[in-house]
Amino acid sequence: MVSQTGSIPRSFIENLLARADLVQVINQRVPLKKAGATYKACCPFHDEKTPSFNVNPSKQFYHCFGCGASGDAIKFLMEYDGLSFVEAVEALAAQYGMEVPREKLSAKQQQQQQIKQQRQRDLYDVMHLAAKFYRHQLRDHPAAEEAKQYLKNRGLSPEIAKTYVIGFAPPGWDSLMKGLQADAKLKQQLIEVGMLVEKEGGKLYDRFRHRIMFPIRDGRGRVVAFGGRVLGDDQPKYLNSPETPIFHKSYALYGLYEMRQTREKFDHILVVEGYMDVVALAQFGLRNAVATLGTATTVDHLAMLFRQVNEVVFCFDGDQAGLKAAWKAMELSLPLMENERSVKFLFLPEGEDPDSMVRKEGLQAFQTRIHNALSLSEFLLQGLQSRLNFPVHSIEGRQQLVSLAQPFIQLAKGLYQFLLVEGLAKLVELPTWRLEKQMNVYSGFAGAKRDVKPAKQGVAGVRKIVTLPLKLVRILLKRPVWSEFFPEKFAEDLLKTTQRDYQVLGGAIKSIMEHSFVADSALYWLTQNGFQAELELIQQSELPDDDAFLKAEFDVAIVALAVAIDEDRLGRSGWDLTEMIKLQSLASEK
């Protein structure tokens, strides 16, 4: 169920599962019926009329004889609530009043970790207070009538407003400070979570004023940020919380928590551009819509969505900005197209958004639009054809189309890559194997002539040896806390490279640091982002669990990495040999 590596002790996992009552955990979400020594229900993971989902209280294990879903309490929380491994452990531990410990940390590091965790808990409490305050203002503040009328005009019921905890930030520069009777400590915390802004000279004022307030919640339902829609003529029209210690836009989707709480089984998720669209669609009964928060879709967003469903539908305006955003989402989706996954693109008429569209034509017509949305392959091939300077069946048009398609097809993998090549081959009237050779890809599915050697893979290819970056990842999976030696910007720079092994190292460092030095977070990131082949290489052999050996390997690898970065011209952001040697010296002092 879990890897031997990681900073949550396995003994704690075992104690937690021993204490947890699986029947209670599942029954809170799926009603169970006693059936002899076990319990039964219709499986929550696939459609069925006859119960085949069994829960064994003595073994603390569930199994569905219909779809094969099985596991323990942690696995159930991950699959049903859509939580990561760490989130599921923390949620289950909280239910039984247990504190999640961390191992492989020095006394100083343990103290720092405890301080950090307590600080984060305090910030969550502060955001909860802010959400309650805004909710009360919508109900009681003299100026709230305008906000109530706005919500009423948008067709929102009090029940939907309550579900999404919609509130009201009154006019004035210090309403929140006064309303919470903030002392010096609370003011500082409000600055830290982005609710107060500090000007030069130390003067403070509320970030959100005279706005409808939409709390943004994480996977456990904790308020981590806000979005505000202005009621007057102030700018900007929509305002989001800044990045804070508990809020990262790349990992947040508005409406995802509320969607999970419906306990409905959805076959797709609709990604829209604004929180008002999410709420308005929910009012009409469409509860599987989410929104990104003032940022483009990220790989992390896609990973979160594919944890819930196999199909993601992006909904954009049909203008140039909408097409640009859709194209970016398409590029990010290509490497993730595997098994039953699919991505679609829905473009609305100019001047319309999901909110106005569903009110104008009704839910059924809007759902028909979703059903008829363009598939990823259709959007890609049609978009490329629109860029041609010649007819698609002319010699010049065919050559241009192949050239334009090449970098996108190289992003895809396996069978999906082959099927894209096959679709393109029909358009340009060439054999699939010849087109693969021309575009320097080799999916392994195209039938080639005997004298034709498979072309070497380009950027999307995977090397068959354990390279230096992969060796470092192998060490970090043993000692995840050593990720703290790498600055955050270093990991970001590695992720921006076109070399997969460096991307693997960057992603591993970043995910481990963002998830309290839990190695399993890196394993999950690798599998969710299409690096399964690299992960298999990393796991081919096991390193000895010896600090002296691992530290020596780590120190040497850092310097070797600096040399490789210099040679590969990856150090353009300042990560040259000198900087890496400094990093190695820092690591040696720890």
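This is a predicted model: local features need pLDDT of at least 70, side-chain atom pairs count only at pLDDT 80 or more; totals for chains, interfaces and linings use all residues.
1. Start with the hairpin of β1 and β2. There are two residues between the strands, and G36 takes a positive phi near 70° in this hairpin. The strands themselves, β1 at residues 33–35 and β2 at residues 38–41, run antiparallel and are joined by three bridges. If you want a pair to click on, A35 has T38 of β2 as its bridge partner.

2. β2 also pairs with β3, residues 53–56: again the two run antiparallel, with three bridges joining them. Here the pair to look at is A41, whose bridge partner in β3 is F53.

3. Which order do its four strands take? Reading across, it goes β6-β9-β10-β11, with antiparallel pairing. β6 (167–169) and β11 (238–240) are the edge strands, so called because each pairs on one side only. From one strand to the next, the twist averages 35°.

4. A closer look at the β6 side of that sheet: three bridges join β6 to β9 (residues 211–217), and the two run antiparallel. Within this pairing, F168 stands opposite I212 in β9.

5. Finally, what lies across β6, β9 and β10? That would be helix α6, residues 144–153, which runs at about 70° to β9. For finding your way around, β10 spans 223–230.

Technical notes
Residues are numbered from 1 along each chain as its sequence is written. Side-chain values use heavy atoms; hydrogens and water are left out. Axes are lines fitted to C-alpha atoms, for helices over the stretch in contact, and angles run from 0 to 180 degrees between N-to-C directions. Contact means heavy atoms within 4.5 Å.
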